[in-house]
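This briefing goes through one protein model by topic.

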Amino acid sequence: KADLLSNLSHLAEPVQRTYPVPMEQLGQNYGYIVYSTTISGPRTGESLHIQEVHDRAQVFLDGVYQGVVERWDARPLQLDIPVGGAKLDIVVENMGRVNYGPKLSDCKGITEGVRMNNQFLFDWTIHPLSLDNLAAVPFEPTEEGNGIKNRPAFYRGEFAVDGAADTFVKLPGWTKGVVWINGFNLGRYWEQGPQVTLYVPGPLLQEGRNEIVILELHQAETLVVELVDAPDLG
């Protein structure tokens with residue numbers, strides 16, 4: 001496994017900005033982007049507002065999960081900041097682009113700003129994560145069992161193939177994320193469905209050893225992946 005927030009320096013060169021900017025302004029078009037800053041304290045019962053997030057943001061305070069802010073549900077999160085201040089991390093997922101109508105120009109990431117009540121936050125460190133090359137992910141051995149709780153993390157495993165053919169990946173107990181087979185981005189999964197399986201074309205597989213990598217954004221009940229012979233489209 002490899003915790004995403006703990007290994008940002010391995011995954012992307014940081015960019016310093018006074019305020020958060022969309023990923024397109026950093027030369028990125030797809031994937032994820034992480035915004036980090038420090039909030040002074042003490043503050044109690046403050047409201048964190050992420051203005052026009054595109055599309056889904058997970059919020060962490062000193063590494064502890066605080067909640068999700070979504071484009072279609074942009075309600076503020078209530079935060080308590082200790083006396084010495086706290087580090088704020090916001091992981092934003094690009095969930096796809098509108099390809100018609102008045103929102104055809106659809107920038108991704110935090111497109112306006114982040115406020116604590118009515119005060120904008122400044123001095124951001126930004127890590128663009130296009131994830132088009134997973135070679136830099138610093139995997140470490142993990143014990144069998146459950147995944148990391150409420151933190152984005154990469155998981156890597158292997159499976160053997162004897163006679164490559166079309167199959168389908170099923171992720172029972174996983175929450176939301178992306179799957180790669182032998183370095184190929186297979187697609188996204190989400191427990192909300194409706195699709196339950198991801199299609200794996202036979203030519204992606206090779207006789208003998210094959211690699212599967214999963215970026216799980218939340219948590220997995222068990223680190224088990226199934227390869228099944230029929231699709232489940234919900």
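Asp62 has a relative accessibility of 48% and therefore counts as partly exposed, since that class lies between the 20% and 50% limits. The model is a predicted one. Asp62 belongs to the loop between E5 and strand E6 (64-70), and its phi is positive, about 50°, although the residue is not a glycine.

**Backbone geometry**

- Asn150 also has a positive phi, near 50°, and is a residue other than glycine.
- The position of Asn150 is in the loop between strand E11 (124-129) and E12.
- Asn150 has 29% relative accessibility and so counts as partly exposed.
- The peptide bond from His54 to Asp55 is cis, and its omega is near 20°.
- Asp55 sits in the loop between E4 and E5.
- Another cis peptide bond links Gly193 and Pro194, with omega about 10°.
- Pro194 is found in the loop between E15 and strand E16 (197-200).

**Strand pairing**

- An open sheet is formed by four strands in the order E7-E4-E9-E10, with antiparallel pairing.
- Strand E7 (77-81) and strand E10 (119-120) are at the edges of this sheet; each has a single partner strand, so one side of each has no neighbour in the sheet.
- Within the sheet, strand E4 (residues 43-54) and strand E9 (residues 109-116) run antiparallel and are joined by six bridges.
- Strand E1 (residues 2-3) runs antiparallel to strand E12 (residues 153-161), and two bridges join them.
- Ala2 has Phe154 in E12 as its bridge partner.
- E12 also pairs with strand E17 (residues 208-216), in the antiparallel sense and over nine bridges.
- Gly157 is bridged to Ile212 in E17.

**Largest pocket**

- The largest pocket holds about 450 Å³ of space.
- Its lining has 21 residues, and those nearest the centre are Arg156, Gly157, Ile212, Leu223 and Val225.
- E12 and E17 are the elements that give two or more residues to this lining.
- The most comes from E12, which gives five residues to the lining of the largest pocket.
- Gly157 and Ile212 are bridge partners and are also among the residues nearest the centre of the largest pocket.
- Sorted by class, the lining of the largest pocket has eleven nonpolar, six charged and four polar residues.

**Second largest pocket**

- The volume of the second largest pocket is about 360 Å³.
- It is lined by 17 residues, of which Gly31, Ser130, Val178, Trp180 and Asn185 are closest to its centre.
- Strand E14 (176-181) and strand E15 (184-190) are the elements that give two or more residues to the lining of the second largest pocket.
- The lining of the second largest pocket contains seven nonpolar, seven polar and three charged residues.

- Gln58 is part of strand E5 (residues 56-61).
- Is Gln58 buried or exposed? Gln58 has 2% relative accessibility, and it counts as buried because that value is under 20%.
- A polar atom of the Gln58 side chain lies 2.7 Å from the backbone oxygen of Leu217.
- Apart from neighbours within four places in sequence, Gln58 contacts Tyr65, Gly67, Val68, Asp89, Ile90, Val91, Pro152, Leu217 and His218.

- Val224 is located in the loop between E17 and strand E18 (226-228).
- With a relative accessible area of 41%, Val224 is partly exposed.
- Which residues does Val224 contact, leaving aside its neighbours within four places in sequence? They are Pro172 and Trp174.
- Val224 and Pro172 are 52 residues apart along the chain, and their C-alpha atoms are separated by 7.3 Å.

Key: Residues are numbered from 1 along each chain as its sequence is written. This is a predicted model: local features need pLDDT of at least 70, side-chain atom pairs count only at pLDDT 80 or more; totals for chains, interfaces and linings use all residues. Side-chain values use heavy atoms; hydrogens and water are left out. Buried means under 20% relative accessible area, exposed over 50%, partly exposed in between (1.4 Å probe, protein chains only). A polar contact is a pair of N or O atoms within 3.5 Å; within protein, one must be able to donate a hydrogen and the other to accept it, and residues adjacent in sequence count only if both atoms are side-chain atoms. Contact means heavy atoms within 4.5 Å. Two strands pair if DSSP finds at least two bridges between them. On a 1 Å grid over the protein atoms alone, a cavity is a set of points where a 1.4 Å probe fits but cannot get out, and a pocket is an open set with protein on both sides within 12 Å along at least five of seven lines; lining residues have an atom within 4 Å of a point. Grid points are joined across faces, edges and corners, and a volume is the space filled by probe spheres set on the points. Ala, Val, Leu, Ile, Met, Phe, Trp, Tyr, Cys and Pro count as nonpolar, Asp, Glu, Lys and Arg as charged, and the others, Gly among them, as polar.
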